[in-house]
Protein chains: 2
Amino acid sequence: MSDFRIRPASSADIPAIVAMLADDPLGAQRESPDDLTPYTAAFERLAGDPNQHLVVAEHDGRVVGSLQLTVIPGLSRRGATRSIIEAVRIHADERGSGLGTRLIEWAVDESRRQNCQLVQLTSDASRTDARRFYERLGFEASHVGFKLSI
Amino acid sequence: MSDFRIRPASSADIPAIVAMLADDPLGAQRESPDDLTPYTAAFERLAGDPNQHLVVAEHDGRVVGSLQLTVIPGLSRRGATRSIIEAVRIHADERGSGLGTRLIEWAVDESRRQNCQLVQLTSDASRTDARRFYERLGFEASHVGFKLSI
């Protein structure tokens with residue numbers, strides 16, 4: 001497995017993260033890598049929220065992966081705190097390298113460190129490989145994920 | 001439709017909310033309504049987080065419903081902010097009254113007010129009525145929801 005370093009994202013990483021978001025069958029239709037303005041505004045909002053953890057993976061000084069972890073307190077399950085994983089992206093050059101596993105393992109470890117009792121995520125049903133990937137990592141595909149664009 | 005009032009939850013609502021969480025086929029196995037200590041700690045954490053909105057629905061002065069809305073900024077979808085609905089519960093006396101619809105409509109309206117572009121939620125696959133309910137409200141069951149207990 002290659003040697004990756006996972007660290008908090010900085011604003012200098014925005015172009016590399018957005019390029020990965022756009023280099024994706026679903027992302028290609030909904031990202032605008034030529035105009036970073038909305039991403040910069042969103043980054044500032046993320047940076048100001050202590051429950052948001054946007055990280056990148058570096059390899060040989062290049063950003064080759066990203067993941068967003070959100071910590072959510074709640075009353076259910078005896079006041080359990082849960083975490084949600086969003087926006088997992090791996091650079092095309094690094095797919096199959098084990099980096100996806102490394103990023104998810106980072107997210108699970110960080111969730112444990114933050115006293116979460118549950119880690120959850122949703123994956124578009126059209127991403128057929130994702131289900132096997134997450135199940136191999138111990139996740140249970142127990143839920144239906146609903147979305148409403150507003 | 002009955003006359004419901006939806007308002008932010010206060011700590012005095014914790015017993016009523018926990019009773020609803022426990023009065024549920026899944027919740028019965030994982031809640032402890034006789035010991036409110038963990039719920040009180042979680043409520044304080046929710047109350048201190050400006051991106052968390054725990055609300056209750058009142059009818060004739062009684063708490064008969066609850067919902068948690070979390071606002072999550074992010075880079076993907078051109079820096080879209082999304083919201084997540086969790087812990088929707090309706091008191092047994094009020095099921096079929098339209099309160100579930102009222103609570104979800106409140107969450108969608110509040111998400112719009114907070115400039116979210118997407119509302120999402122997951123529902124346990126064993127809750128077979130939930131799919132029809134959310135689809136009727138315009139949600140698309142486009143995702144698979146994964147969970148990992150840690």
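**Exercise 1. Describe how helix 1 of chain A passes helix 2 of chain A.**

Solution. Helix 1 of chain A passes helix 2 of chain A in a right-handed crossing, where right-handed stands for the near helix being turned clockwise from the far one by less than a right angle, and left-handed for anticlockwise. The model is a predicted one, in which local features need pLDDT of at least 70, side-chain atom pairs count only at pLDDT 80 or more, and totals for chains, interfaces and linings use all residues. Residues are numbered from 1 along each chain as its sequence is written, chains are lettered from A and ligands numbered from 1 in the order in which they are written, and side-chain values use heavy atoms, with hydrogens and water left out.

Next comes the geometry. Helix 1 (residues 14-22) and helix 2 (residues 37-47) of chain A pack with their axes 11 Å apart and at an angle of about 115°. The two helices of chain A are therefore roughly perpendicular to each other, a term that covers 65 to 115 degrees.

**Exercise 2. Which residues of helix 1 of chain A meet which residues of helix 2 of chain A?**

Solution. On the side of helix 1 of chain A stand A:I14, A:V18 and A:L21, and they meet A:Y39, A:T40 and A:F43 in helix 2 of chain A, contact being heavy atoms within 4.5 Å. The residues of this contact between helix 1 and helix 2 of chain A divide into 5 nonpolar, 1 polar and no charged.

**Exercise 3. How many residues does the contact take from chain A and from chain B, and what area is buried between them?**

Solution. The contact takes 62 residues from chain A and 62 residues from chain B. The area buried between chain A and chain B is about 5900 Å², of which carbon and sulfur atoms give 59%; buried area is the accessible area (1.4 Å probe) lost by two parts on being put together, summed over both. In chain A, the residues that lose the most area to chain B are A:L75, A:F146 and A:K147, together 16% of what that side buries. Finally, 100% of the interface residues of chain A are also interface residues in chain B, so the copies meet through the same surface.

Methods: Axes fitted to C-alpha atoms, helices over the stretch in contact; angles between N-to-C directions. Helix = DSSP H or I, 4+ residues; strand = E, 2+ residues; numbered from the N terminus. Parallel < 35°, antiparallel > 145°, perpendicular 65-115°, else oblique. Nonpolar A, V, L, I, M, F, W, Y, C, P; charged D, E, K, R; others polar.
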